[in-house]
Amino acid sequence: MEGSRSRAREGATPAITGQKIIPAHEEAKIWTTRGSHTYRSTSFSLFLVGFVTFSLLYCVQPILPELTRSFHVGVTGSSLALSLTTGCLAVSIFCWGAAAESLGRKGIMFFSMMSAAILNILAALMPSWPLFLAARALEGVVLGGVPALAMAYLSEEIQPQDLGYAMGLYVGGTAFGGMFGRVAVGILTGLATLPTALALLGCVDLLAAAAFGIFLPSSRNFIRKDSFDIRYHASAWITHVSHVRLALLFGMGSLAMGVFVTLFNYIDFRLSTPPFSLSPPEISFIFLSYVCGMIASPVAGSVADKIGRGPVMIAGIAMTALDMGLTSSALLPAIIFGIVVFTTGFFTIHSVASGWVGRLALENKGHASSLYLLCYYLGSSVFGLLGGLFWTRGGWPSVILYAAGLLAVAGLFSLFLTRYEKTSCSAGRRHADRPPGPSGPRSMRMPSRRTHGRRRGAIPLAGFRAAP
């Protein structure tokens, strides 16, 4: 049962080795290890979480030109169908993240997925633009109970050495969901009608949510809070924001997502006008590039676990920036190739950043995930909406320059993060190389108080236990 594990383990006797220091309460947890049945069930369930969330969230992206015609709104106005949803999701993440500390993880995620799927069906039935936006906004509110809790669940349950790969699988699910929602709705809109496409997607996601409820194991390491304490939550959020590397990761998520949504929002309008003049079903096929994101996410997480997160993140930013320029070509094959590599780079960044947040947040992981996703979806909402202004005033070249500016700032953040990572690794190696004994650090070996210095022996550090 969620929250059944006692807080008493946080006071477990700690120790230290010459290689690695880890908190005792982390050592006492019942970890899910890679290759086990529980690991496979968890990975599949969290894959479904990513699928449902992103298929519902971004299903309107390939039909933005169709929305302008159906509801008689402008280009920037049509992007509200996505920006309003992601904006509401970003704000609601805070509320759901705080509530989950008392209510648990699995129940809230299940409720959110089911409710969002039903709201997507209702949105398909709305006769006017304001009512359609209202349904989409409510969809964002209930979906806020999914992403932060999914990341927190993985960080709490998965063995830290296997977290990068598991987080990559979750991000792969978001890639598959984003691809499926966009491609399915785009094709169905061309074959039938827009309401039919949205309603059918909602039905598919209802089934996926039911499967999630069946297969996801209950939390074993989650500690339920007895009551809601706003001071506790505020303190947790302030602590994470004050952490330099976490703050950089929050900014990284915002910038990367802003670039990603900007490109995919307005490439639809570029490809639907001469000289390309593609139809909605044809445009939706560009989202098959998400297959590369599905592959890149777990691979990037696994590689980051082995060689470090900084170099992998820099490689993702480089891929995103270099191939974004290809979308300015007049040749359709070059544009498609650029989108494919651009997508691979983005999911590399997101996979690494998501796992990095889970590793850096030593406690209150749900709050850290909430902050990361707040910035992530605010970037989608705000930067994506601003991209419409650049499209309206300067066309595609202005959109590319705008996105390049955001990526340049993200690149600076990644360099700082890599520098911090290298500094931490170097300090860890120097600490490991020190021999135990009188010449070692006094926190490791000191005279026993009981013998007044006649015996010297190792004593454990408060709050830590030795790695095996």
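**View 1. Surroundings of Tyr-170 in the predicted model.** Apart from neighbours within four places in sequence, Tyr-170 is in contact (heavy atoms within 4.5 Å) with Leu-46, Val-49, Gly-50, Pro-147, Ala-150, Met-151 and Leu-154. Tyr-170 is also listed, with Leu-67, Phe-132, Phe-264, Met-313 and Tyr-377, among the residues with the most contacts inside the largest nonpolar core, which has 124 residues. Such a core is a set of buried Ala, Val, Leu, Ile, Met, Phe, Trp, Tyr and Cys residues joined through side-chain atoms within 4.5 Å, where buried means under 20% relative accessible area, exposed over 50% and partly exposed in between (1.4 Å probe, protein chains only). This is a predicted model, in which local features need pLDDT of at least 70 and side-chain atom pairs count only at pLDDT 80 or more, whereas totals for chains, interfaces and linings use all residues. Residues are numbered from 1 along each chain as its sequence is written, and side-chain values use heavy atoms, with hydrogens and water left out.

**View 2. Packing of helices H2 and H8.** Helix H2 (residues 37-57) and helix H8 (residues 147-157), both DSSP runs of H or I with at least four residues, pack at about 165° with axes 11 Å apart. H2 is therefore roughly antiparallel to H8 (angles over 145 degrees). Thr-42, Leu-46, Val-49 and Thr-53 of H2 meet Pro-147, Ala-150, Tyr-153 and Leu-154 of H8.

**View 3. The loop between H12 and H13.** Pro-275 is found in the loop between helix H12 (244-272) and helix H13 (280-284), and the peptide bond from Pro-274 to Pro-275 is cis, with omega near 10°. Ser-277, placed in the loop between H12 and H13, has a positive phi of about 50° although it is not a glycine.

Methods:
Axes are lines fitted to C-alpha atoms, for helices over the stretch in contact, and angles run from 0 to 180 degrees between N-to-C directions. Helices (H or I, at least four residues) and strands (E, at least two) are DSSP runs, numbered from the N terminus. Angles under 35 degrees count as roughly parallel, over 145 as roughly antiparallel, 65 to 115 as roughly perpendicular and the rest as oblique.
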